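Hello,

Here is the structure I promised to pass on to you. Please open it alongside this email, and then read on for what turned up in it.

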Amino acid sequence: MTSALEVPLDPKVLEGLPQPPTIILQSPKDYIFDPRENIVIYCEAKGKPQPSFSWTRNGTHFDVEEDSKVLMKPGSGTLVIDISGEKAEAYEGTYQCTAHNDHGTAVSNNIVIRQSRSPLWSKERNEAIVVQMGVSLVLQCRPPAGLPPPVIFWMDNNFQKLPLDKRVSQALNGDLYFSNVLPEDSRNDYICYARFPHTQTIQQKQPISVTVLDMNETLAAFYNITDFYSDRPEGERRPGFMLPFGATSTKMVLKGETLELECIADGLPTPDISWEKDGGELPSGRISFHNFQKKLKISEVNEADAGNYRCTAINSLGDAHHIIKVTVKAAPFWVSAPRNLILAPNETGILTCRVSGEPKPKIAWFVNGVAIENAPEDHTRKVEDDTVILSNVQSGSSAVYQCNASNEFGYLLANAFVSVLAEPPRVLTPPNQVYQVITNSPALLHCASFGSPIPTITWFKDSQTTIKNGDPYVIHENGTLEIHVAQPINSGKYTCIATNHLGIKENHVFLEVKEPTRILKQPEYKVVQRGMSAVFECKVKHDISLSPTMTWLKDNGELPDDERFEVDTDSLTIKDVTDEDEGRYTCIMNTTLDQDSASAMLTVVERPGPPTDLELTDQTERSVRLTWTPGDEHNSPTQKFLIQYEDLLHQPGVWTNLTEVAGSSTTAQLDLSPYVYYSFRVLALNHVGYSEPSQSSKQYRTNPAAPDVNPSDVKGVGLEPGNLVISWTPLTGFQSNGPGLEYKVQWRRKDVEENWSSATVANLSHFVVSGTPVFEPFEITVQALNNYGNGPDPEVKIGYSGEDMPLSAPESVEVNVHNSTLAEVKWERVSLSSVRGKLQGYKVLTCLCLRFQEQVLTFSGNHSEGQLPDLQPYSVYSLFIRVLNNKGEGPPSPTKTFETPEGVTNPSLESLTLEWGPPINKNGHLAGYTLKYQQVNGTNEVGPIKVMTFLPNETTITIGNLNASMLYKFDLSAMTIKGSGPIITKEAFTAMDTTVANRQVDIATQGWFIGLMCAIALLILVLLIVCFIKRNKGGKYPVKEKEDAHQDPEIQPMKEDDGTFGEYSDTEDHKPLKGSRTPSNGTVRRDESDDSLVDYGEGGDGQFNEDGSFIGQYSGKKEKDTHEGNESSEAPSPVNAMNSFV
């Protein structure tokens, strides 16, 4: 026994293979033709050899050649019947086509041929219908029977369809039903039309006239006949069914068809219709309601749809029910139709004809068109109801079997041939075919074959390994090899071999497993402001042997044809984004084998549209309600609304923020001020920014009123002795609340029984009270008033009249010296009345005698003692004390002198102190000093340059963090606003660190020290010669003599406290420089280079003598700008630069 062998479709294989006939095209079982056209009955068949065709009509042979009106197409069984000029009825009947060749006979279905008909409506005269309002009514259509049945619809004389609703409906039979009639139903042109589809003709029924009487009329009154009809008009009533009739009805439907159930009810008010199925639910997905719930339609009916369907009509007065009992029958349908068999000699085959239906179909078998019981006897054939068993078939026993299954609702007819063949194997799959699949996807390697008996298929991989069923391989019945989850290791050459007892055939195919295409970086959701650019990235990985194609879609369609869209290798750029660009963008990477895709949304945002429709409501003196309509949010929710106002009276054109409300609000209650001409506008804010302002609202004016507030920041301060200046911050025009704004200023002395003094001023922010005592407290107030009244009671502020210089000096000054650097000073406080102002503190001025160094300490508050730190040991100091107020200083106390004891020397190895004097000629306003220093080695500059700046009153500095035993170079210059003056250069050593030595060495006996001393002596001699030459450049007058003769005040020393020039001190200029000491014994000696300053500046300008005088003004050298004198823009040079160890 064998399964059916499929006949291959390959023409090369079919060529030469015998094949019984097979019907491939035939007309439908029920063929309704249009008498205006030819009748065409199709019958096409294939087979080898080509089949011949014949026909029967109404069960008897139909001789086509004898009827000149009938033509059979060449090579075909299709009939073309020319019925022009003939009666079409003559060709109605049941036709069947037969296709025959040497290997069997196939037959077609029984084709019933009928002519379409569209008969005319029988002539009738419709009586006019007169009904009482509220009653039900049925207008019958009853069209003539046509083939096929006509389509019914109701229209008026103007070919307009009559409106249908819950009250008026058309039934399936075409009648028009009124659940209750109304006066507007009165008309004389109710016309029923029938359209016949095949002939495309429309038939019209005679118009029906309907008259509806209202509640105040009767039929008798209408006809003027008192005894014709005396019923009263219909009132409200319970529902009742007009269709179907009675409480129950039945409905039969065939399986697979559409079930249509309808219930039409009368009643007043018009009833509502509902449906339910007893004992079950209505089938969802296949159910629909039509005609205002009056019709229930179920498509694709099956056995489960049988049962009782209940329709319910309900109105306010009650309800009514009707049950429709539905039974489902079935015309025969296939469970398993018989299939063609190709058998080898001595094989066994089975033909199966399995059908179902209700009632159960009867099965009849035919062979070559003859009932099988009437066919020649065949011992190899056995019939068992729906099965035919063919055993040990032999060559030449090919035939076509027919299975006919029928019941009262129809029949099924199927042809299946049995062909007995002996053929060696053939592989139909093309040789050397290459299959390409993606990793982890299934691979199907085909080995389509043909042979009789059916060949056995065997697979090999790489011509060596036998492949058997099992993971990961599956060999299907048709020979296809399937790999469920293909991997790169499965790539290679595969061989399939087809074998039967007549021969063997092999074929080679190849499998290539490729890497999958994957999107590594997907496009991301973008929120872009209109006018900006959006960039979607889509980076992909794919098999290098495949050629990928990137495609971008917008909303699953092509991208707009717009140059703003730029597609790159792995990105999409949208420039100048517009609202229309919003949507879903998808990148698709395609290869010949697979694809991957990813999508992202683009949301275009913009600032909100301006609000509109501003409206003012709930208007009061001090408030108003503003409402508005929000503008377009442009995909970004509104966060808040900003309300602004314009004061057209006081500040026209200036918009001021008034308040803010949440973005969900469209109204705001606004608090207003008097005497303002308001105009409002609203701005919306979203994530992008503020919208354009709305149109201004209508102007809203508030009435004037007295001021609500008084001026702020009220102060009373005396600027001069004997006056009091009262100041305040004026009210704005918005705060004035009315015209005629003025300020009432009041004052009186505090804690003194006296009346308030007052003055009224306008357009001012201060008022001066003269003739006041010195520094007296005053109570002051400032009140706003206008033409409509005074503002609120003002707050009293305390102010003081002007201060004067203190009268008294501190007395009983005593100094207690604690140690060499710290002393304590005490004094007796002055009386507060003598201060004549607010006491700021006491100023203590100490002066280092002989050095003219002053130190000023200020003790804030009403102190009577203080400490004097940072004193010089073994020094003589003098001090005096002054009292301070805001006006200035009082007279000094008597001078007190004290001495500090000796202190302990504690030199630092890593710091230097540099001192200098102010420039003699400042050439302008002294701005400060600039000091540059760095570590040097002989004449080579080896360290980084560091820069420091000082104020004009600073003339000393201690520099720390230096390297011990190192030489440093210092450059000092003074500055005016014009720039820096000439530079003074000094060099000095830091102390040598000797702590690392374990024994003391007599430095005077060291050779290097003796050599150094000789070099220094030689250097001093050279310097003396240079100085002597430079002194003689000025002529025969020594500088000192000229200074003594002229006593020019510009070259006098300047006092440190007040910047004036004091007495000239010759001894100060010849002080020994601090800073050179012998490291071995710590003794201090004069710097060898302090006898004169080195040459600096350009030419003779900017040079100083040892006594600090400016020698350039006496120089005999002539410069181009010497005539400018003191108007020179050059900066000055500091003098007396000194350095010392600290």
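One definition first: a residue counts as buried when its relative accessible area is under 20%, as exposed when that value is over 50%, and as partly exposed in between. Cys1014 has a relative accessibility of 51%, so it falls in the exposed class. Cys847, in contrast, has a relative accessible area of 17%, and therefore counts as buried. Please keep in mind throughout that this is a predicted model.

Now for the overall picture. The protein has 1142 residues, and 41% of them count as buried. Its secondary structure is made up of seven helices and 88 strands.

The disulfides come next. There are six of them in the structure. If you number the bonded cysteines in sequence order, the pairing reads 1-2, 3-4, 5-6, 7-8, 9-10, 11-12. I will walk you through three of these links.

The disulfide between Cys263 and Cys311 has its sulfur atoms 2.0 Å apart. It ties together distant parts of the chain, 48 residues apart: Cys263 sits in the loop between strand E22 (259-262) and strand E23 (264-268), while Cys311 belongs to strand E27 (residues 307-315). Is this link left-handed or right-handed? The torsion about its S-S bond is about -80°, so the disulfide is left-handed.

Cys353 and Cys403 form another disulfide, with 1.7 Å between their sulfur atoms. This pair, too, links distant parts of the chain: Cys353 lies in the loop between strand E30 (349-352) and strand E31 (354-358), and Cys403 is in strand E36 (residues 399-407), 50 residues apart. The torsion about the S-S bond of Cys353 and Cys403 is about -70°, so this disulfide is left-handed. Cys353 and Cys403 are both buried.

In the link that joins Cys538 to Cys587, the S to S distance is 2.0 Å. Here the two cysteines are 49 residues apart, with Cys538 in the loop between strand E50 (534-537) and strand E51 (539-541) and Cys587 in strand E56 (residues 583-590). With 60° about the S-S bond, the link of Cys538 and Cys587 is right-handed. Cys538 is buried, as is Cys587.

Two more places are worth a look while you have the model open. On the surface there is a nonpolar patch formed by Leu1018, Leu1021, Val1022, Ile1025, Val1026, Phe1028 and Ile1029, which together have about 660 Å² of accessible area. One of these residues, Leu1021, lies in helix H5 (residues 1007-1032).

The other place is Phe289, in strand E25 (residues 287-290). Its relative accessible area is 34%, so Phe289 counts as partly exposed. Leaving aside residues up to four places away in sequence, Phe289 touches Trp275, Leu282, Lys295 and Leu296. Phe289 and Glu260 are 29 residues apart along the chain, and their C-alpha atoms are separated by 9.7 Å.

Enjoy exploring the structure!

Best wishes

Definitions and conventions
Residues numbered from 1 in each chain as written. Predicted model: local features only at pLDDT ≥ 70, side-chain atom pairs only at ≥ 80, totals over all residues. Heavy atoms only, no water. Helix = DSSP H or I, 4+ residues; strand = E, 2+ residues; numbered from the N terminus. Buried < 20%, exposed > 50% of the residue type's maximum accessible area, 1.4 Å probe, protein only. Disulfide = S-S within 2.5 Å. Patch = residues over 30% accessible without salt bridge, like charges linked within 9 Å, V, L, I, M, F, W, Y side chains within 5 Å. Areas by Shrake-Rupley, 256 points an atom, 1.4 Å probe, with all protein chains shown as cover. Salt bridge = Lys/Arg side-chain N within 4 Å of Asp/Glu carboxyl O. Contact = heavy atoms within 4.5 Å.
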